Each structure stands twice: as structure tokens, then as C-alpha cells.
Amino acid sequence: MEWEVVIGLEIHAQLATKSKIFSGSSTAYGAAPNTQACAVDLGLPGVLPVVNKEAVAMGAKFGLAIGANVSKHSVFDRKNYFYPDSPKGYQTSQLYFPIVESGHIEIELEDGKIKTIGITRAHLEEDAGKSLHENYNDLTGIDLNRAGTPLLEIVSEPDLRSAKEAVAYMKKIHSLVQYLEICDGNMQEGSFRCDANVSVRPKGQEELGTRAEIKNINSFRFVERAINHEIERQIELIEDGGRVIQETRLYDSDKDETRSMRSKEEANDYRYFPCPDLLPIVLDDTYLDAIKNKLPELPEAKKTRFIKEYDLKSIDADILTAQKDLSIFFEATTKHAGGEAKICANWVLGEVNAALNKNELSISESPITPEQLGGLIKRISDKTISGKIAKTVFEAMWNGEGSADDIIEKKGLKQVTDSGLIEKVIDEIMTKNQGQVEQYRSGKEQVFGFFVGQTMKATQGKANPQQVNELLKKKLKG
Amino acid sequence: MFQKTIAELIIELQNKSISSVELTQAYLNRIQKNDQIYNSFITVTPDLALEQAERADKRLAAGNAEPLTGIPLAQKDIFCTNGVKTSSGSKMLDNFIAPYDATVIDKFNQAGAVMLGKTNMDEFAMGSSNETSFYGPVKNPWNTNTVPGGSSGGSAAAVAAQLAPAATGTDTGGSIRQPAALCNLTGLKPTYGRVSRYGMIAFASSLDQAGPMTKTAEDAAIMLNAMAGFDPKDSTCSNKNVPDYTADLNKNLKGLKIGLPKEFFEKGMDESVAKVIEDAIDTYKKAGAELVEISLPNSGLSVPSYYVVAPAEASSNLSRFDGVRYGYRCENPVDLEDMYKRSRGEGFGEEVKRRIMIGTYALSVGFYDAYYLKAQKVRRLISEDFKKAFEKVDVIMGPTTPTTAFNIGEKSNDPVTMYLSDIYTIAVNLAGLPGMSIPAGFANNMPVGLQLIGNYFEESRLLNVAHQYQQITDWHKQTPAM
């Protein structure tokens, strides 16, 4: 039987506010346990929450960026459940009236087609703390530093039809939240993670299959693998005469499998009700207009502009704009290079990207600045150095040896364009290699490469290749 | 000296006929000597009190005192007090030393008031008799076989027995007004949002409100001046300006329109109580007020809707008491679930558990619409009733309670009968209005309270109406034989 896969994602993006969603504690990552947990975060008797305006603004910003309805009246609800790292015995979230409803985003499929993915809703909520199971001799430690960190939970429609689509969608949201500067997108620190709802149904069937929810996946690679495993598991199960049960599953990246956490029957009744300690969030048009007017250029628009303004290929523009930092790096490089956008794009996507990957660095950690790279490209375009020498200069810049001009100067890499000088070198080589000269003249033109190599070698690669070619041809003809 | 009001003590402190240390020490001695009879305090804080009194005396000497500087007060044990045990009347918090001050406490500290100690109360403010306290029942100074009312029963008994000149209470369904009525005190529950709830251990967040319990309306005004005001730490706290609540006390009552809800007078009230209430209203009429019959058609629904909304919120508010971070934890838990179940099972008393169960049920899938949402709708209807009434009248009056103080143990096995003792006070909380109870006379030698209900943020008018009554009657001056 042919199966159709149906996937919906719930993405948790940690909002990049300085303080928590309901208290003044810092949200910085990595502090000693419980040093960033105040009375409110600890859920002490008598404490009350006060909503962080910045978190609300970020939620609204996201909604406006995905063409959604930003609710003028949204309400915080309490989701009641007991867990040691949930200090109040409930999580403050938004169930009935979320801040964002009915948005959408476009993804590009492998065949280049564009698909629109619906975003059902996005709501504000607080993160829980962490339970620490190591180093406590059978006991569990509780770290409440993360408790109360603001999250935006972004819930997609079940519009995704493969693990690849899910990844493309997740990357798109990942890119967007960073463009909007509402999330740092750091997946290792858990700032951006997702739950995947996966089901399968016979192709052509309208009714959805029973879904399983895979919890807390924190990398693009794992999303793809976890979903593919889950699809395989469900199809195998059904084909063997079994039945998928609605449950929560956990992806184990070490074993590369999903396993059951709890079934629907064991699931909590969360007893949601409006939080009586918080007033509804009321937003008006003036507020929303102000946010709308301050929205930055978003990835799609930037891509279109790059193609138009810099005459880039669609695929290059796509990669350059997927990450905000990368797009900024590219544009700055172009500016410092005084144009030459295509060469800049090639360098950013080629040498820079390769060096970053090799050293496991992100673009923001690049040891080469756009100013330096632009300076290098300037010297290529004004023919001070050849493309080949440029790679040597790049390496030296990467190692912190200064600007392109400094390196060219210090290492004497300046391209030789003096025809007299090049002619002199060629004459010497021809004198030393009379045999090859004869061969060439008798019609064996393959030896031409030999002369080019010798000339470049004699000039330590500095001779202008075009001039070398022209002069060689003239002289060899005799 | 112990009969003196705050207003009188302010004068004595300021003209130096007594020092705060002397006054405080006298009250501490009196508490030590007499409170084993009433059990009105859970914690007495003599060292802290004397330290505060010394500081107050310095302020008084330096001439930068505020009205409450040097005045000893009793604080309900529901307010977190930095470094002092804050139990909320529960075994669950018997070991809890609060690491911060509630905003109300902070305001009293700023004003230079002295805290004598923390008063007994129904466990987590759930009760109308002070019998649900982990620390044992409080006795009514007017008759020690009877209850003082609840949940602010310790505060009421302490002021009635003259163990403190005044106290704080909190009122979720009548917990200031009902004990004030049963102990012959003036008690004021302000408009919801008038006083910060920060640091006040939550029972039902949308209903809880703190207020003063005093000997006179004038004292209540002085106390409210210190307590009221916007607090950035409480999102539900109003940023409306705080007037000087003593400013309007002396306005005369001519032309005051008093609404009498016919539903309050139809049935349920003890005859002897009804007589006292009628006399009190007659006194107002003689003072120039106009009586208007009004109707609050949905008031009969207030008790059932309250007993959905309040337990629902409580069931969630009390989830944080799980034995993990503070408070009671059972011995030798075998695993997490065992720790939760036994810590909560052993740490909470019967009435609290009953309300957690009611609230949990009301919020459950399949019942939420039928109970919680329905109750919220009723709540809006009740508010509408009041809104209409206040288009016609200035204040509403009626009884605070259907009976005088009942005997200890009399209703403790019959929760519904107990719940009905708040039948006249609950609607005020559901609507978020300010309400007062003032001494109106006696039935069978026990105090009867007259309830005054005002429009939103009209505490000044309530205090004026109460104060004027206290100028022409002396019920509030009666004290129990001790």
C-alpha cells in the first residue's frame, strides 16, 4: 500500500528577553544552579507574576511577520500538573486566547516548488526548570534558572508531508525568529526546539491517522531522523496488523529510535483555566502599527532584493539570506569591496563557508571580518593579485596576519603585470627548454601548459595569468 | 489604655504621654498573660516588636513620624513577614520562615508601625469559624464557647480581647466582615485591587483582598491610608489614586440613599439579628438618610458560584505546596509520587483537601464548561445586579451574618451549613466591591454586625457612613467582660 505522511510541528522558541516572562530574574544561560531564580521563579507562597512587556512585543512581532492575526485580547491560562521542576504546580501558558492565530510561511521543496505551510497559532508561555539526575546519588537536583524563561510556542497545521518538508519548515522558522531578533536560535542550549506530531494514512484517505508526538528534538538532523524512524515504525506496525496508539514518544539520538513516554490514557488532565493573577493582554492598533513599522527586512524580501540588486543566482541568494548574520556579512563584504557582488558571494559561500565548517565556527565567530574580505576582493578585481594568490592571502588573514594589503605587501605577493619582466622570464624558460619549444612548434600544443606552469613557478605565481598566456602564445609561435 | 483607639494612641504617642516601647511592652505582656484563653496568635514577635518600637520612638522624637509610627498591630498569618514564620494556619507551612515581606507588611514597616505577632486563622483562609486552623480553634472573647468567625478569627479575637489596638485581615468570601461582626469590630474589605496582594498567601486570587479590622471606622480609615495603593508587583492592583480616607469621615448623612436588598431580608436571618439590623437602619433614617428598597435578583446564586470559583482557583494556587522546595515533606518518601501524595495528604487539613477536590473536579475536562464557566457567568450577573442598584443608591445595607457567633464544633461537621454563614458577604467578593461590617447592637448578648456595601473604590463613603453611625451610637464601644 502507498502511505501518506502527515506531520505538524510545535516549535518552542525561547524569546531573547533580558529578564523572565513573569519576574525580573536574568535569562542568561549557564549560570550556577538556582542563582537566577527569585522568589517568583521559586513559586514561594504569596508571590505574583507580572508580564514582561518585551515578551509580548516579540510575540506580536512574530505574528505580524507571518501574516497572522495578532490578537488584541489574549489571555494567560494555567496548565496544572505536578512536576518537581514546575515550581508552582502549573505552567502559565495561553490555551483559549493565544496572542497569534492563523499565519503562514512558505517553504521551498526539493524540486524548487513553493509550498505554503499554515501556522495555526503561536502563544506565550513560561519554560520549566531542569531536573538534574547526575551526581546526586539516586536523588534528583532541581535547577530553576530556566523556570520562567519566556517561550513562544509556534504550532503548525498538519501540512507537512515528509521529514524533509518538516526540516525545511523548521529551518524557515529558525531563520525568521533570528531575523526578527526575538530568539537567538541556539539549538544546543535549547533556545530553539520542537515536538513533532506524526501520523500516516493510506494515500487518498481523507481521515487522519492516529498520531504520535515526538518530544523535545533539538537539531535539524534529529528532526529528520526522528520523523523518518517514526514513519517507518508506524507503517511497519500497521502493515503487521497493529494499530498506532496516541502517545508521547521520546527520540533517543544515541540509539536513533523513538520510544514511548506515556500514552493518552496516562496523560494529565491539565485543568486549564484563565490565570486570575494576570490581566488579559490588550493591544491596540497604534501599538501593532508601531511594531509593524519597525519590522526588519525578512528573508524572502531580502532574497528577492539580492537577486535583483546583486544579480545573484536564486540558489546563492537563498543560502545567503537563510541566516541573517550571513546575509549581513555578505552585504558588508560587498560594500567594502566596492561592488563585485558575485565575486563576494562566491567567496562567502565558498572559502569563508568552508573554513567556518572546518573549524566548526558560526559566521558571527568568523576570524575574518567583512572589511578584510572586501579588501581582499578589491585587490582581486584591480588585478593586484590573482585568484590563486588570493587564496594564500585569505589563509593568512584567517590566521590573523592582518589586512589583505598588509599581507600582500609583507609577503611580496603583488601580481607582476610588467610585460617586459614577464617576457624576460619567458625568454629564459624557452632557452632552457628548447626541446619543448620544438615540440610545440611541430604542432604538439599540449606542451603549452608546461610553459604556463614554468612561468608561474618562476614568478611564484605572481605573474598575471592572462598576460602570461598572451605573451607565451606570441613567443612560442616564433 | 487597652480600650484606646489608634486615633487616640496617635495623639498620646505624638504628645509623648506614652512611648511606643511602653505601649508595645504593655500589649506584649497582655498577650502573654491572656492569649492562652483565646489562642488568637500563632506567633508573637516580642524582640522584633520592641526593636520596631524603639525605632518608632526615635522617629517620633525626630519629628518625622507618620500616623501609624509606633502603633502596635497584629498581622494575620497569611502575610509573608521576612524572617518570621508565616504559616497561613497550616501544618504545610509550620516550618516556613518567609524570606520576604508582603507589600502590606512593607507598607506598615515604612509607616513605622510595630508588629506584635501573627494571628491565627482558618487554614489557608478556608473557613468561617477559625476551627480549620492547624493551631487549634480561636475563642470568641464575648463567649469563649463560641467561634470568633473566620477566616480572620485570630485578628478579630485579638482586637476584641484588646490584645492589639487593631489588626489586618483578608477577605475572600467574608473573612474580614464576618469575624468583625461576630466580635463587635469594624472590618473593611476594600475594592478588589485597592490593596496589593503581593506576599499574601493566595486562597482565591480573583477574590482575595486585605483590609483592616479595628475598633472604629476612623481607625479603619487610618489603617487603609497605609495599606492601599498601586503595587507594580501585583498585576491586579489598581493604579487609581489613593485619597485620604479620613478626609470625608465627618460629612453628614443628609440625603444619603441607602439601598436595602429585599433578598437579604426575606428569609434566613435570625429574628433577633433582624431586629438589630432594622434598628440600625432606623437610626440611619433618623439621621437623615433615605431608604430605598432594591433587588439583587441573582444574590441567591452567590454561594453556589463562589464554591466553584474559589475552590477552582485554590486547587491551582495550592499546587505549589508539594514538599519539593519548602514546607512540609513527609518522612522517608519511597518515590516522587509517594512524596507528593503523603506530603499533601499529611500537610493539608480536611477542609483544605475538600476544597482542593471540589476545585479540581470543577476544572476537569468535561466539567469546566458546566461548572467553572457557568459560575463565571453567574458572577457577571451578580456584578450587573449591583451595578444597577448603584444607579439608584449610594450604599447598600443589610446584615453581615444570618446569626450571631455559633458554638465551637456546632457546624464543623456540616460544611454546607458552615458555607451558608457567609451568604450575605460572598456576593460582594464576587463583584469585587468594597464592604464593611460595623457593630450594630446585640442579640442574646452577642454582637451583631451591620454590613455596608459601596460602589467600586468608594471606601471613603463607606467609612464616612460608618463613622457617622459611630458618632450617634456606642455599640462599637462595648467590650466583652474579661
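Tutor: Glu230(A) is found in helix α4 of chain A, where helices (H or I, at least four residues) and strands (E, at least two) are DSSP runs numbered from the N terminus. The model is a predicted one, in which local features need pLDDT of at least 70 and side-chain atom pairs count only at pLDDT 80 or more, while totals for chains, interfaces and linings use all residues. Residues are numbered from 1 along each chain as its sequence is written, chains are lettered from A and ligands numbered from 1 in the order in which they are written, and side-chain values use heavy atoms, with hydrogens and water left out.

Student: Which residues is Glu230(A) in contact with, leaving aside its neighbours within four places in sequence?

Tutor: With contact taken as heavy atoms within 4.5 Å, Glu230(A) touches Val198(A), Ala212(A), Ile214(A), Arg249(A) and Thr258(A).

Student: What makes the pair of Arg249(A) and Glu230(A) a salt bridge?

Tutor: The term asks for a side-chain nitrogen of Lys or Arg within 4 Å of a carboxyl oxygen of Asp or Glu. The closest N and O atoms of Arg249(A) and Glu230(A) are 3.3 Å apart, so the pair qualifies. This pair links distant parts of the chain, with Arg249(A) in strand β13 (residues 247-252) of chain A and Glu230(A) in helix α4 (residues 220-239), 19 residues apart. Arg249(A) also counts as buried, because its relative accessibility is 7%.

Student: How do you know that Arg201(A) and Glu4(A) meet in a salt bridge?

Tutor: Their side chains come to 2.9 Å, N to O, and that pair joins strand β11 (residues 192-202) of chain A, which holds Arg201(A), to strand β1 (residues 3-14) of chain A, which holds Glu4(A), across 197 residues. Both Arg201(A) and Glu4(A) are buried.

Student: Why are Glu458(B) and Arg461(B), which form a salt bridge, called partly exposed?

Tutor: The closest N and O atoms of this pair are 3.2 Å apart. Glu458(B) counts as partly exposed because its relative accessibility is 27%, and Arg461(B) does so because its value is 31%. Elsewhere, salt bridges that share partners join Arg78(A), Asp277(A), Arg197(B) and Asp234(B) into one network, and the structure holds 53 salt bridges over all chains.

Student: What puts the buried residues of α6(A) on the same side of that helix?

Tutor: The buried residues in α6(A) are Pro299(A), Lys302(A), Lys303(A), Phe306(A) and Tyr310(A). They cover an arc of only 105° around the axis (the arc being that of the directions from the helix axis to the C-beta atoms), and therefore they lie on the same side of α6(A). These buried residues pack against β6 (100-108), α3 (163-179), α7 (314-322), α8 (324-337) and α9 (341-358) of chain A.

Technical notes
Buried < 20%, exposed > 50% of the residue type's maximum accessible area, 1.4 Å probe, protein only.
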